[in-house]
Amino acid sequence: QVQLVESGGGLVQAGGSLRLSCAASGRVFNPNAMAWFRQAPGKEREFVAAIRWSGLSTYYRDSVKGRFTISRDTAKNTVYLQMNSLKPEDTAVYFCASRSIGYYTGTTYYYNRENEYDYWGQGTQVTVSS
């Protein structure tokens, strides 16, 4: 079993920055990718960013490109989301997800689909005031 714990959320003014962290623990933590998703009130959960555990590739939704940066520290089993130039529309609960090697059996990795990830954190609230 794998546990993912997010931290770093909070209240920030528009234009400000936050850094989210997601720490993974568990005997069988063996990911090939990790991602961040978010869910705003009354809306469906949506993809934000993903990273191959090798660090060789990153993926972003269009609305956060140039403002958000995903990174990981393999020694700490932690993935980060640096969020700059925050906007009120970034307000949401942010969830961390991991994809274990061998979990997803599709022929193509899309990285932005929830069904590719087998472990999820409980989420951390990010609120951006205008």
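A residue here counts as buried under 20% relative accessible area, as exposed over 50%, and as partly exposed in between, using a 1.4 Å probe and protein chains only. Keep that scale in mind for this predicted model, in which local features need pLDDT of at least 70, side-chain atom pairs count only at pLDDT 80 or more, and totals for chains, interfaces and linings use all residues. Residues are numbered from 1 along each chain as its sequence is written, and side-chain values use heavy atoms, with hydrogens and water left out.

Let's start with the whole chain. It has 0 helices and 11 strands, where helices (H or I, at least four residues) and strands (E, at least two) are DSSP runs numbered from the N terminus. Reading along the sequence, you simply get β-β-β-β-β-β-β-β-β-β-β. The radius of gyration, taken over C-alpha atoms, can be set against a globule rule of 2.2 Å times the number of residues to the power 0.38. For 130 residues, a compact globule would come out near 14 Å, and the chain agrees, with 14 Å. Along the principal axes, the C-alpha atoms fill a box of roughly 45 × 30 × 30 Å. Of the 130 residues, 42% count as buried. Contact means heavy atoms within 4.5 Å, and among the contacts in the chain with a separation of 6 or more, 57% come from residues 24 or more positions apart.

Now for the strands. Strands of a sheet pair through backbone hydrogen bonds, either parallel or antiparallel. In this model, two strands pair if DSSP finds at least two bridges between them. 4 strands make an open sheet in the order E1-E3-E8-E7, with antiparallel pairing. At the edges are strand E1 (3-7) and strand E7 (68-73), each pairing on one side only. From one strand to the next, the twist averages 15°; axes are lines fitted to C-alpha atoms, for helices over the stretch in contact, and angles run from 0 to 180 degrees between N-to-C directions. Within this sheet, strand E3 (residues 18-25) and strand E8 (residues 78-83) pair in the antiparallel sense over 6 bridges, and Leu 20 stands opposite Leu 81 in E8.

5 of its 7 residues are buried, so E5 is largely enclosed by the rest of the structure. E4 is joined to E5 by 6 bridges, and the two run antiparallel, with Ala 35 opposite Ala 50 in E5. The hairpin of E4 and E5 has 6 residues between the strands, and there Gly 42 takes a positive phi near 75°. On to E6: 3 bridges join E5 to E6, again antiparallel, and Ala 49 stands opposite Tyr 60 in E6. E5 and E6 form a hairpin with 5 residues between them, and Gly 55 in the turn has a positive phi of about 85°.

Back in strand E4 you'll find Trp 36. Trp 36 is buried, with a relative accessible area of 0%.

A pair of aromatic rings is described by the distance of the centres and the angle of the planes. Rings of Phe, Tyr and Trp (its six-membered ring) pair if their centres lie within 6.5 Å; planes under 30 degrees apart count as stacked, over 60 as edge-to-face and the rest as tilted. A search of the whole structure turns up 8 aromatic pairs. Phe 29 and Trp 53 have ring centres 5.6 Å apart and planes at 85°, so this pair is edge-to-face. Phe 29 sits in the loop between E3 and strand E4 (31-39), and Trp 53 in the loop between strand E5 (46-52) and strand E6 (58-60), so the pair ties together parts 24 residues apart in sequence. Both Phe 29 and Trp 53 are buried.

Tyr 59 and Tyr 111 are stacked, because their ring centres are 4.1 Å apart and their planes at 15°. This pair links distant parts of the chain: Tyr 59 is in strand E6 and Tyr 111 in the loop between strand E9 (92-100) and strand E10 (119-120), 52 residues apart. Tyr 59 is partly exposed, with a relative accessible area of 24%, whereas Tyr 111 is buried, at 4%.

Finally, look at Arg 99. A charge sits over a ring if NZ of Lys or CZ of Arg is within 6 Å of the ring centre and within 35 degrees of the ring normal. Arg 99 lies over the face of Tyr 111, at 4.7 Å from the ring centre, and its charged end also sits over the ring of Tyr 117, 5.7 Å from the centre. Tyr 117 in turn belongs to one aromatic cluster with Phe 37, Phe 47 and Trp 120.
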